[in-house]
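Q: Please take a close look at one part of this model. I would like to see how its pieces are arranged.

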Amino acid sequence: MYEPDEFLAKVNDKIKEIEADSRVDDIKLRKDYLELLKTRYTEEPSLKERLERPQVFVSYSEETGKEYMKAAKTALLQKKFKVKSGMELDGTARDVIKHIRSKMKPCCLFLGILTQDVKLSEERLYAPAAWVHIETGMALGLDLRVVLLYHESIADEWWKPIFDHKRQIKFTDKDFHVRLQYAVKELANEHAELLKELRGR
Amino acid sequence: MLTSPHLLNLEETRIFVPWATGHNPLDDRLDCWLYHSDHSSHDHPANDGTNNEDPKLAEFILTPIQKDYWQDVWEITMKAAEIPGILARLTSLLGQEKINVILADTITCDDSRYHINRLVVDCLRYRSPIDGDFEERRTLDDASLDDLRRKLIVEFIKELHFLSRLSPSLNITRLPELWHLHHIRGRYREHRLGLCGGTVALPPKILSELPQGYAKSFGKSIHELVKPFGLVSIGGRLELMRLSIVYAGLGIVDFVVTLENHAGAIGRLASVLKEKYNLLGFRAWSSENEARSACWIVARSKAKRLLPGQQVLDKIEKLVNGHKELRSDRPAFDRSVSMLLGG
C-alpha cells in the first residue's frame, strides 16, 4: 500500500476527505481516531516497551554478508529476538538514513557483521562495508547495546580503534556458526542486563 | 480454546464439520484435511512407541486449512457500512500486500446497514517493516499484524463501525490453535477427506487399526473395544476440530450428574472425581429453571487394571452418591445416557 513515511500523509489525506464528505457519520469520532493513530505512530517507544519485545538491528553488507545475515536471523529468532535491518529501501542517502533510524529506534540491541567488502592493498586484508560502520555509529548514538562479529581478514584499523571497548567476536570461514552462537549469547546477556537495570530503577 | 465437547459413534455417525453449513451446495466442495501425529516407530497414532504408564489417546485434527499454512494463518474481521464494493476493496488491498484469502464469510446485518466480513488469510508472502516476514512470524509466539491493521483502518475509516470511541470493528488475530499445533507436534500424517452434506467419515483403515494400536499401548486385557467413539471438540474458531478416539474398554465412560445449583457445587464434584478419574470431557449447564446444574462428564479411570465400562460406572456412582463432600449438593447420578455403554 505505502511506505512508512507515506502513512502520515495518507492519514492527513483521509482526515481532509472525511471533513469534505457530508455522508460520513460520526465525523468527529473518526477524525479523533485518525489523530490517535498518528500520535501512536510517531511516538517513541519507551525503554520498557523496547525491552519487553526485544528487537535486534542487524547490520551487514548486501554484497558479502547476505548468507551470514540469514544465519544470524534464524539464530536470533530462535532466541525470540525480533530482527530488523536497514535494507529494502531505494532512494536518496537522506531517505536511507531516515529509514534506518526509524527501523533502529524500536531496537535495544545491535549486531554488526563485518565481512570482506573492499580488498586492501595489504595481502589478504579487507575493509568492511561503509554502511556497517555508519549503522554501528548510529546504534551507539541511540544507546543500543552493540556486539560485532568480524571476519578474521578484516584489517585491525577498520574495527579496533572504534570498537575495541565493545563486545567483538572474530570468525573465520569455518567457524561462523559457532561464533554466531557466542554473539547471540552476548546479545542475550546484554538484554538481561538492560532488563535488570530497568527493574533496578 | 476449545468448545462444545461431545461424543460421536464413529461407526454409525458421520462427523459434521463446523466450517460447513449442511445446507449449502458449496459444502461438498470444501476442503477437509485430517491430521494425526506421525509416530515413526508404529503405524498407530495410539501408540507412541514407549512403555509409558499413562498411554495417550489417539487424537486427530480436522481442518479445512492445509498444514503448510498453519504457521502464518490469520483471521481478519471487519464490520463496516453496507456499501457496494467494500468486500472487493478489502480483498484487493490484501492482494496488493500478497495476502491470500483462504476462507471468506461475509453477511449483511443490522437491517442491511452494516456488513460483517470474516476472512481467514495466509500471510506467507506478506512482509512489512513492522509486522516482519513469514520467517519472523512463524517463530514468534507474540507476532502481530498491527501494521496491516492500522493501514486497513485508515483505508476504511469512513465506513467502519465503531464499538466505542477507541474500538473500530476491525481486528486481525492469528489462528493460535493451528500455530500452536505446528509447534508442539513435529510431523503429521495427512489425509484428504471428501465431504458429503458437510460431513465426513474417518477412513476405515484408521478405524480398523486403532484397536491394535491401543492394545499395544494399554496391554492385552482390553474389554469392549467394539465401537470406536470420537470425543469431539471444536476449536475457539470454526477451522479446527479435535477428535480423540475412545472406547469404553479403555476404562472410559460418560454419564450425567445433576446437582443443586449453588456456588462451588461443580467444583466439589470435579474435586471428588479427580482423585480416581481423569476428566476427559466436561460440560455443565443450568437445568430445571436454574434450580439444578447438569454436568455431562467423560471420565477415564486411573486404575492400573483396565475395567469393563459397567464396573467403572458402578464405582463412580457409588463415589458420587456416597461422598460426604457432595451431600449438601444432592447429586443425582444418571447412567442411562451413557453413549459409550449403549445408553
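A: Chain B is assigned three domains: domain 1 (1-65 + 195-247), domain 2 (67-174) and domain 3 (251-343). These bounds come from an automatic or database domain assignment. The centres of domain 2 and domain 3 of chain B, taken over C-alpha atoms, are 44 Å apart.

This is a predicted model; local features need pLDDT of at least 70, side-chain atom pairs count only at pLDDT 80 or more, and totals for chains, interfaces and linings use all residues. Residues are numbered from 1 along each chain as its sequence is written, while chains are lettered from A and ligands numbered from 1 in the order written.

Now the sheet. Four strands of chain B form an open, antiparallel sheet, in the order β16-β17-β15-β18. Strands (E, at least two residues) and helices (H or I, at least four) are DSSP runs, numbered from the N terminus. Two strands pair if DSSP finds at least two bridges between them. At the edges, β16 (277-287) and β18 (332-334) of chain B each pair on one side only. Neighbouring strands are turned by 25 degrees on average, direction ignored.

Strand β15 (252-260) of chain B pairs with β18(B) over 3 antiparallel bridges. Thr258(B) faces Ala332(B) of β18(B).

Two helices lie across these strands. Helix α7 (309-322) of chain B lies across β15, β16, β17 and β18, at about 20 degrees to β15(B). Angles run from 0 to 180 degrees between N-to-C directions; axes are lines fitted to C-alpha atoms, for helices over the stretch in contact. Contact means C-beta atoms, placed from the backbone, within 7 Å.
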